[in-house]
Amino acid sequence: MQSFLQQNFAPEAAADLATDIELRFPDDSIFCDIRNGVLSFPQITSAELVLYFESQSQAQRLFRGQ
């Protein structure tokens, strides 16, 4: 999932964002940080926004607009 997010990240669309996001799946979570158009994956345990998904493929479909 991390590589999918890195490959599809649009820095120009995220230029004004400053947030931590958790993508939560049934068996794990991925935390990402977006600040000034930069995507990173810090080692944190809580985020400002938590998005719940049934699977990583579901998240990828959503992010692709499918």
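Trainee: Before we start, what should I know about the numbering and the pLDDT limits?

Mentor: Residues are numbered from 1 along each chain as its sequence is written, side-chain values use heavy atoms, and hydrogens and water are left out. This is a predicted model, where totals for chains, interfaces and linings use all residues, local features need pLDDT of at least 70, and side-chain atom pairs count only at pLDDT 80 or more.

Trainee: What volume does the largest pocket have?

Mentor: Rolling a probe the size of a water molecule over the atoms shows where empty space is left. On a 1 Å grid over the protein atoms alone, a pocket is an open set of points where a 1.4 Å probe fits, with protein on both sides within 12 Å along at least five of seven lines. Grid points are joined across faces, edges and corners, and a volume is the space filled by probe spheres set on the points. For the largest pocket that gives about 310 Å³.

Trainee: Which residues are the closest to its centre?

Mentor: Lining residues have an atom within 4 Å of a pocket point. There are 16 of them here, and the closest to the centre are L5, F9, I34, L39 and F63.

Trainee: Which element gives the most to that lining?

Mentor: Helices (H or I, at least four residues) and strands (E, at least two) are DSSP runs, numbered from the N terminus. At least two lining residues each come from α1 (2–8), β1 (18–24), β2 (29–35) and β4 (49–52). The top giver, with three residues, is α1.

Trainee: By class, how many residues of the lining are nonpolar?

Mentor: Ala, Val, Leu, Ile, Met, Phe, Trp, Tyr, Cys and Pro count as nonpolar, Asp, Glu, Lys and Arg as charged, and the others, Gly among them, as polar. Sorted like that, the lining has no charged residues, one polar residue, and a nonpolar count of 15.

Trainee: Where is F9, and which residues does it touch?

Mentor: F9 sits in the loop between α1 and β1. F9 is partly exposed at 22% relative accessible area, because buried means under 20%, exposed over 50%, and partly exposed in between (1.4 Å probe, protein chains only). G37 is 28 residues away from F9 in sequence, but 9.1 Å in space, C-alpha to C-alpha. Contact means heavy atoms within 4.5 Å, and leaving out residues up to four places away in sequence, F9 touches A14, I34, G37, V38 and L39.

Trainee: Is V38 buried, partly exposed or exposed?

Mentor: V38 has its place in strand β3, and beyond four places in sequence it is in contact with F9 and D33. Its relative accessible area is 49%, so V38 is partly exposed.

Trainee: How are the rings of F53 and F63 placed, stacked or edge-to-face?

Mentor: Rings of Phe, Tyr and Trp (its six-membered ring) pair if their centres lie within 6.5 Å; planes under 30 degrees apart count as stacked, over 60 as edge-to-face and the rest as tilted. By this rule there are two aromatic pairs. For F53 and F63, the centres are 5.9 Å apart and the planes sit at 65°, so the pair is edge-to-face.

Trainee: Which residues form the aromatic cluster?

Mentor: F53 lies in the loop between β4 and α2 (56–64), and F63, ten residues apart from it, lies in helix α2. F53 is buried at 10% relative accessible area, while F63 is partly exposed at 38%. The one cluster is made of F25, F53 and F63.

Trainee: What is phi of N36?

Mentor: N36 is in the loop between β2 and β3 (38–40), and it is exposed at 67% relative accessible area. Most residues other than glycine have a negative phi. N36 has a positive one, near 50°.
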